[in-house]
Amino acid sequence: MMDTEIIPFPADDGLPLNLVHVTGPGPAPRGPVLLVHGAGVRAELFRPPLPRTLVDALLEAGWDVWMLNWRASIDLEPVPWTLDEAAVFDHPAAVRTVLAATGASDLVAFVHCQGSTSFTMAAVAGLLPQVRTIVSNSVSLHVRLPPASQLKITRLLPLLGGYTAALSPRWGYKSDGYFSRTVRAAVRLTHRECDNTVCRLVSFTYGAGRPALWSHAQLDTATHDWLAGEFGGAPLSFFRQMARCARTGYLVPTGTLEQLPRNLVDHPPATEARFVLLSGTENRCFLPASQQLSHRFLDHHRPGYDALHLLPGYGHLDVIFGKNAWKDTYPLILKELAS
Ligand SMILES: [Zn+2]
């Protein structure tokens with residue numbers, strides 16, 4: 001049995017966010033763990049219809065589980081957002097809210113994709129002093145894309161501005177004007193890998209590959225069906241910032257928020273948090289080189305303190321909802337969160 005409670009709280013610019021607090025039947029002596037989703041998805045990403053999810057594994061291991069819906073969540077009102085806003089306004093407020101609710105003095109975090117880039121941005125800028133361990137999946141401080149994605153985000157993206165404010169895999173089943181229908185038709189012609197139009201649109205929107213964010217062999221049928229409801233839009237404000245990051249090779253703040261330094265990698269990280277960087281060897285959303293470069297950066301400043309793990313046979317999101325993740329990836333995540 002588990003209990004779920006939604007706890008609303010404001011980001012530090014006033015935007016309404018929430019935390020999904022999940023408790024199991026047993027005690028949680030390890031204290032709070034914060035789970036942070038990626039772009040265009042939501043907190044429930046961590047609870048796919050698997051016999052054993054990452055949330056189940058964390059509860060069993062004695063963690064108090066808090067899943068964040070930050071401003072990129074499809075469970076919230078859609079707003080244009082940047083990584084800077086998440087780093088400065090969302091993550092520090094979320095950490096403070098969990099600590100206030102639990103009475104804990106610090107916490108650990110498992111952060112995925114753009115939840116990880118924005119959380120890492122906040123941590124290295126010194127905005128998350130109460131976080132002791134950050135396990136990051138897929139990408140953190142450095143950005144290396146497959147050539148096809150690099151081309152899409154740097155060349156195609158600038159052409160879209162007049163047509164749409166966002167890109168959404170949800171267009172697979174729900175039209176939003178002429179542009180969305182054009183994209184869907186194009187994806188149906190060019191992505192023939194399965195019958196799930198959302199799955200194919202996800203691969204068109206993010207990364208390179210068919211599919212791009214997982215391999216079909218790693219998913220069971222229930223999860224492949226379920227994911228059709230789990231992907232909404234991500235705004236061009238985000239894609240534009242990621243295009244700059246991809247051209248530069250590491251995260252670049254927009255320069256609009258003074259809480260963030262202009263350059264995140266020309267000085268040591270302003271955090272004591274230990275980073276554990278994960279990437280699937282088959283990751284076609286962010287190449288494993290992304291995490292390897294971030295590990296090199298951290299290891300240069302703090303030799304032997306942080307860790308890097310490449311997960312054989314895994315991609316981007318199957319690390320979290322692959323049918324064998326319970327035995328392939330969760331034990332490593334649990335071990336690193338506890339160490
Ligand atoms: Zn598919």
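At what angle do helix α2 (residues 83–102) and helix α3 (residues 113–124) pack, and how far apart are their axes? The points below take this up first; the model is a predicted one.

1. Packing of α2 with α3. The angle is about 80°, and the axes lie 8 Å apart. Angles of 65 to 115 degrees count as roughly perpendicular, and α2 and α3 are therefore roughly perpendicular to each other.

2. Residues between α2 and α3. On the α2 side, the contact is made by Leu83, Asp84, Ala86, Ala87, His91 and Val95. These meet Gln114, Gly115, Thr117, Ser118, Phe119, Met121 and Ala122 of α3. By class, the residues of this contact are seven nonpolar, five polar and one charged.

3. Backbone at Cys113. Cys113 is not a glycine, yet its phi is positive, at about 50°. This residue belongs to helix α3, the helix that runs over residues 113–124. The backbone here may be worth a look in the model.

4. Packing of α4 with α8. Helix α4 covers residues 147–156 and helix α8 covers residues 236–248. Their axes come within 9 Å and cross at roughly 125°. That angle falls in neither the roughly perpendicular range, 65 to 115 degrees, nor the roughly antiparallel one, over 145; α4 and α8 are therefore oblique to each other. The crossing of α4 past α8 is left-handed.

5. Residues between α4 and α8. From α4, the contact involves Gln150, Ile153 and Thr154. Their partners in α8 are Phe239, Met242, Ala243, Ala246 and Arg247. Sorted by class, the contact holds five nonpolar residues, two polar and one charged.

6. Cis peptide bond. The bond from Arg210 to Pro211 is cis, with omega near -10°. Where does Pro211 lie? It is in the loop between α6 (197–205) and α7 (221–226).

Notes:
Residues are numbered from 1 along each chain as its sequence is written. This is a predicted model: local features need pLDDT of at least 70, side-chain atom pairs count only at pLDDT 80 or more; totals for chains, interfaces and linings use all residues. Side-chain values use heavy atoms; hydrogens and water are left out. Axes are lines fitted to C-alpha atoms, for helices over the stretch in contact, and angles run from 0 to 180 degrees between N-to-C directions. Helices (H or I, at least four residues) and strands (E, at least two) are DSSP runs, numbered from the N terminus. Angles under 35 degrees count as roughly parallel, over 145 as roughly antiparallel, 65 to 115 as roughly perpendicular and the rest as oblique. A crossing is left-handed if the near helix is turned anticlockwise from the far one by less than a right angle, and right-handed if clockwise. Contact means heavy atoms within 4.5 Å. Ala, Val, Leu, Ile, Met, Phe, Trp, Tyr, Cys and Pro count as nonpolar, Asp, Glu, Lys and Arg as charged, and the others, Gly among them, as polar.
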